[in-house]
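The sequence and the structure are shown first.

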Amino acid sequence: MSTLDEARTVARFLHALSGGAEVRRKAAARELARRDPLDANELVGELISLARGGWAPASCVLTDFMAALAQEAEHIPHVDALRRLAHVQSLDTVADLFAQGPAKKEMDADAAARADATAFSQSLGHLKQQARLTRDPDTLSRLATVSNPSVLRNVLINPRLTEDLVVRIAARRPARPEPLIEIWKSPRWSVRHGVRRALVFNPYLPPEIGAKIVPLLSSTDLRQVATSATLHPALREQATRLLTASADERQVPDSPAPARRPGPHGLD
């Protein structure tokens, strides 16, 4: 079986899985873990190509593979070797996923903690409970500004949270990286295009996270990323490379499967 055919088979398998985003993310991690690093890189490279070519199953499961690389690294024994070997294999679009270094802009942790202490006098436990249970949209909006990631984690599971507010949280500047990473980890919100876009265009997002969101963006978004002087150079170069690769993508002779729609707990 060719690498392309194998990538199609994997994409169809994960696309058909039920059980939610966590099940698919862990399945993607297992697919990477059971291959040697060279084959794992080729699989990811083919999925990126298929997704950029518009094949729906690959577009859907690419999200799961990006999440697996970010959140399931401890279950992928050779994950540290993937970036180095991707360069050796000349798989630049795969190597780009492992961007390193600080964000383009950074907010001092002490300054963020002082801002939280000034705005909120309640205990951390009270803030977390309130974030999870409040029905008041104004209170929820205030709690969404807390830099402590455990508070935002509870905001993100509040059933009254709206996409508009999540986009505003993702775009907030200045910002600590931890709350932004919590949004990326959320299966309910990280699948939304507006949320992904807000995260990538926030210069306070660490490039190691941004690099795993960039391949999930539209071509229009990629053109804007490529020319944005406010973003990390690694993300601009990645967007440029994806746009260049898209110019001669393979056409996939297969019937596209309908994209999954996000449910209340993410993609089902």
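## Packing of helix 3 and helix 5

At what angle do helix 3 (residues 37–52) and helix 5 (residues 79–88) pack, and how far apart are their axes? In this predicted model, the two helices pack at an angle of about 75 degrees, with axes 9 Å apart. Helices and strands here are DSSP runs numbered from the N terminus (helices H or I, at least four residues; strands E, at least two). Axes are lines fitted to C-alpha atoms, for helices over the stretch in contact, and angles run from 0 to 180 degrees between N-to-C directions.

Helix 3 is thus roughly perpendicular to helix 5; angles under 35 degrees count as roughly parallel, over 145 as roughly antiparallel, 65 to 115 as roughly perpendicular and the rest as oblique. Helix 3 contributes Pro37, Leu38, Ala40 and Asn41 to the contact, and helix 5 contributes Leu82, Leu85 and Ala86, where contact means heavy atoms within 4.5 Å. By class, these residues comprise 6 nonpolar, 1 polar and no charged. Ala, Val, Leu, Ile, Met, Phe, Trp, Tyr, Cys and Pro count as nonpolar, Asp, Glu, Lys and Arg as charged, and the others, Gly among them, as polar.

## Basis and confidence

Residues are numbered from 1 along each chain as its sequence is written. The model is predicted, with local features requiring pLDDT of at least 70, side-chain atom pairs counting only at pLDDT 80 or more, and totals for chains, interfaces and linings using all residues, while side-chain values use heavy atoms, with hydrogens and water left out.

The protein chain has a mean pLDDT of 92, and 92% of its residues reach 70 or more; pLDDT is the predictor's confidence in each residue, from 0 to 100. Residues 250–259 fall below 50, and this stretch has 17 contacts in the model beyond near neighbours in sequence.

## Packing of helix 2 and helix 4

Helix 2 (residues 21–33) and helix 4 (residues 56–71) pack at about 75 degrees, with their axes 8 Å apart. These two helices are therefore roughly perpendicular to each other. On helix 2 the contact includes Arg24, Arg25 and Glu31, and on helix 4 it includes Asp64, Phe65 and Gln71. The contact of helix 2 with helix 4 has 8 nonpolar, 1 polar and 4 charged residues.

## Nonpolar core

The largest nonpolar core has 75 residues, of which Leu47, Phe65, Met66, Leu69, Ile183 and Leu199 touch the most other members. Such a core is a set of buried Ala, Val, Leu, Ile, Met, Phe, Trp, Tyr and Cys residues joined through side-chain atoms within 4.5 Å. Leaving aside neighbours within four places in sequence, Phe65 is in contact with Val10, Leu14, Ala28, Glu31, Leu32, Leu43 and Leu47.

## Loops and backbone geometry

Most residues other than glycine have a negative phi, and most peptide bonds are trans. Ser90, in the loop between helix 5 and helix 6 (92–95), has a positive phi of about 60 degrees although it is not a glycine. Ser90 counts as exposed, at 57% relative accessibility (buried means under 20% relative accessible area, exposed over 50%, partly exposed in between, with a 1.4 Å probe and protein chains only). The peptide bond from Arg173 to Pro174 is cis, with omega near -5 degrees; Pro174 lies in the loop between helix 11 (163–171) and helix 12.

Arg192 occupies the loop between helix 12 (177–185) and helix 13 (193–200) and is buried, with a relative accessible area of 18%. Its C-alpha atom is 8.1 Å from that of Glu163, 29 residues apart along the chain.
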